[in-house]
Amino acid sequence: MPSFSTAVDEITVKRAQRGDTDAMAAIYQIFAKPCFNLAYRMAGSPAVAEDIVHDTFVKVISKIHRFRGPAPLWAWVRQITVNTTINHLNRRKWIAPMDDAGQIEVTWADPVADRRPLTEHDAQHLLNQLPAQARAVVLMHDLEGMTHKEIAEAFGQTESFSKSVLFRARKQLKALLDADGEKADEQ
Amino acid sequence: MSNDADPRLTQWLAQLPEHDPPPQIWMRVLETRLAEQSTRTRRSRLIAGGALAATLAMSIALGLVLTQQPTPAQPPTVTIQAVPQLAALMRRTEQLEQALRQQQEHFVQLASTQQQLVRSQQAQLIALDQALADAYARNLPEAQLARLWQRRVDLMADLVSIYDTAPGAGSI
């Protein structure tokens, strides 16, 4: 179940659209945690995640007057979170550009994630072993339930790009899980 | 390529630790929002002020041109030669004002030295508009009016070039 999927009542949304700060704060209270967790998992760093939450909610409150249904507010906030996170990853050059053959250059683990202390059987740590882009795609698809079309749009790529990155990310993650399991068995 | 995740992976992802965001983020969001709003208000005032000054100067100039329709006492050659020059300068200043408005609407971020320069140019612009209004009130010769209008064109061009050279202005 997507972590964002909490309904916000229409009155609160309308109040926020009229500039009511209390309503905006209520929306922040609902979505700050899923936003922070998705950003943390995608970026692999709490400090970067904090900046992403900040930038996301600056956009949310400045653009909420433009929000229109029928899509729920949580999907809209999640989209802004994902786009903001991808922008941050691009700015930090954690997402490598595609080469001429359309293949993604795989850069293992970003600098911040590398500095995180190792914790045995820590799922987040294992996830951080993936390249930033692969990590983002697997989280967007397998955790948030986003479609390949949505993922492709967020990265400005095709659906086959999303499918290909997901396939390789799962394969890498599975290999990491196996290696981690073997290490645990040895101990 | 299978679209189904390995159940172990799904379970893994479900076990990812949950973190609470640091409490200070919302305050930072509000501060940023407030800063953006005050910047926008300041810009709107500057645009409105500039537009008002230009409209005032244009109205005075137009009024003068209309009241100076050829009369038997006036040599027609002076009006024919001088008014087009003034009109061209007025048109140019209007074009530059439009360019400046577009730049300001794109919220180009200026460096602090550029902001100081903009403030100084705007102060000069206000003084110049006052001088123009005085010149029309005193019915000064068109050559003098042209000099003032030329000065206004130069000031506006300087302002536009400040925004043109601002960091990130190229992305507009």
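**Helix packing and the chain interface**

In this predicted model, helix α1(A) passes α2(A) in a left-handed crossing. The contact draws on Thr12(A), Arg15(A) and Ala16(A) from α1(A), and these meet Asp22(A), Ala23(A), Met24(A), Ala26(A) and Ile27(A) from α2(A). Sorted by class, the residues joining α1(A) to α2(A) comprise five nonpolar, one polar and two charged.

Helix α1 of chain A spans residues 10–17 and helix α2 of chain A spans residues 21–43; the two pack with their axes 7 Å apart, at an angle of about 125°. The arrangement of α1(A) relative to α2(A) is therefore oblique.

Turning to the interface, 38 residues of chain A are in contact with 28 residues of chain B. Between them, the two chains bury about 3,100 Å², and carbon and sulfur atoms account for 68% of this area. On the side of chain B, the residues that lose the most area to chain A are Trp12(B), Leu13(B) and Trp26(B), which together make up 23% of what that side buries.

The average pLDDT of chain A is 82, and 79% of its residues score at least 70. Within chain A, however, residues 97–121 have a pLDDT below 50, although this stretch has 47 contacts in the model beyond near neighbours in sequence. Where pLDDT is low, the predicted coordinates should not be read in detail.

Definitions and conventions:
Residues are numbered from 1 along each chain as its sequence is written. Chains are lettered from A and ligands numbered from 1 in the order in which they are written. This is a predicted model: local features need pLDDT of at least 70, side-chain atom pairs count only at pLDDT 80 or more; totals for chains, interfaces and linings use all residues. Side-chain values use heavy atoms; hydrogens and water are left out. pLDDT is the predictor's confidence in each residue, from 0 to 100. Contact means heavy atoms within 4.5 Å. Axes are lines fitted to C-alpha atoms, for helices over the stretch in contact, and angles run from 0 to 180 degrees between N-to-C directions. Helices (H or I, at least four residues) and strands (E, at least two) are DSSP runs, numbered from the N terminus. Angles under 35 degrees count as roughly parallel, over 145 as roughly antiparallel, 65 to 115 as roughly perpendicular and the rest as oblique. A crossing is left-handed if the near helix is turned anticlockwise from the far one by less than a right angle, and right-handed if clockwise. Ala, Val, Leu, Ile, Met, Phe, Trp, Tyr, Cys and Pro count as nonpolar, Asp, Glu, Lys and Arg as charged, and the others, Gly among them, as polar. Buried area is the accessible area (1.4 Å probe) that two parts lose on being put together, summed over both.
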